[in-house]
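Here is a short briefing on one protein model. Keep the structure open as you read.

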Amino acid sequence: MKVFAADVRTDDFAGKIGIPRGEIEKLHEKSFQNGVQRDSMRIRFRVQGNMLERLIAKNELLMDVISKQGLLRMNSFYFPNLLMVTDSNGVVLHINGDEQSLSNAERMNNIGIGSAMSLSSAGTNAISASIELQRPVCIHGEDHYLDTMQDWVSMCVPIHNTENHSVGYLVFSAFQQVSAPLVYPCIESIAMSMEYELRKTELQSKSWFVEEILEERLKAFKLTFREKEIAMYWLLDYDYKQIGKVLGISENTVRVYVTKINSKLKVNSKASLILRVLGAI
């Protein structure tokens with residue numbers, strides 16, 4: 001099934017991730033103002049060498065999520081395509097697809113690891129449009145700014161962290177014979193899975209960081225090893241029963257220890273205990 005302009009702009013799919021003609025024209029104007037030539041065969045900027053290594057290290061969490069996503073490590077579609085993940089600025093961190101599409105992207109368009117797909121480098125494309133509009137988008141045909149991309153239909157979905165900031169983008173590109181409305185749910189599903197893994201990893205990292213802070217703060221008080229242990233779990237919002245299970249003691253024993261800890265630190269509630277340990281009171 002070929003994707004025609006009417007298909008993308010009139011159905012529910014178009015309403016969800018399509019881009020109105022006026023917005024496309026604004027993006028094209030910005031592309032022109034940034035000096036991007038429509039007849040250019042290759043994108044303008046590509047990060048390489050030490051700068052690329054630093055960029056990948058900076059996006060360690062996102063790279064870890066990519067490594068866990070099986071669909072990103074293999075060519076999962078039966079037709080020519082490119083599947084890419086970029087950082088928050090549209091620089092490609094990962095690219096996969098069939099051998100021919102990968103070769104053409106590299107040779108003809110300079111698209112590969114480190115390629116900048118931003119508006120100022122590659123003009124209007126799914127990635128740059130998603131960055132500008134901060135939402136999922138679909139672009140096809142002449143809505144791409146570069147002439148060399150006008151045989152493709154592309155979809156891009158932002159990937160958000162725990163603070164709901166876009167930290168990366170998942171983009172899919174294929175020839176226009178592919179039905180975008182049928183493929184998009186799969187791309188959206190991959191992006192949602194990546195977002196879930198990213199947020200889970202972030203929360204785990206934050207938890208470890210909080211534990212380190214609390215452990216260091218508790219050293220300032222004259223508590224026994226067991227009291228420090230119970231105080232840590234109590235401050236991490238474990239209840240009496242949960243602490244008892246972790247430490248192999250009774251719920252009542254935990255309650256007695258918490259009373260002792262409050263007494264030693266001269267507080268009478270968990271809220272005041274938190275403030276005391278963090279040095280606020």
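Helices here are DSSP runs of at least four residues, numbered from the N terminus. Ile 213 lies in one of them, helix H10. The model is predicted.

**Nonpolar cores**
- The largest nonpolar core contains 32 residues.
- Within this core, the residues with the most contacts are Met 155, Leu 170, Phe 172, Val 183, Ile 187 and Met 194.
- Helices H2 (12-17), H4 (49-58), H5 (60-68) and H10 (180-218) each give two or more residues to this core, and strands S1 (81-87), S4 (152-160) and S5 (166-175) do too.
- H10 supplies the largest share of this core, with eight residues.
- A second core is separate and has 26 residues, among them Ile 24, Leu 27, Tyr 145 and Leu 146.

**A residue in a loop: Asn 110**
- Asn 110 sits in the loop between helix H7 (99-109) and helix H8 (119-122).
- Is Asn 110 buried or exposed? Asn 110 counts as buried because its relative accessibility is 11%, and the cut-off for buried is under 20%.
- The side chains of Asn 110 and Arg 46 are joined by a polar contact of 3.0 Å.
- Leaving out residues up to four places away in sequence, Asn 110 touches Arg 42, Ile 43, Arg 46, Ala 105 and Ser 115.

**A nonpolar surface patch**
- Phe 209, Ile 213, Ile 274 and Leu 278 make a nonpolar surface patch of about 330 Å².
- Ile 213 has 32% relative accessibility, so it counts as partly exposed.

Key. Residues are numbered from 1 along each chain as its sequence is written. This is a predicted model: local features need pLDDT of at least 70, side-chain atom pairs count only at pLDDT 80 or more; totals for chains, interfaces and linings use all residues. Side-chain values use heavy atoms; hydrogens and water are left out. A nonpolar core is a set of buried Ala, Val, Leu, Ile, Met, Phe, Trp, Tyr and Cys residues joined through side-chain atoms within 4.5 Å. Buried means under 20% relative accessible area, exposed over 50%, partly exposed in between (1.4 Å probe, protein chains only). A polar contact is a pair of N or O atoms within 3.5 Å; within protein, one must be able to donate a hydrogen and the other to accept it, and residues adjacent in sequence count only if both atoms are side-chain atoms. Contact means heavy atoms within 4.5 Å. Patches are made of residues with over 30% relative accessible area and no salt bridge: like charges are joined within 9 Å, nonpolar side chains (Val, Leu, Ile, Met, Phe, Trp, Tyr) within 5 Å. Accessible areas come from the Shrake-Rupley method with a 1.4 Å probe; for residues, only the protein chains shown count as cover. A salt bridge is a side-chain nitrogen of Lys or Arg within 4 Å of a carboxyl oxygen of Asp or Glu.
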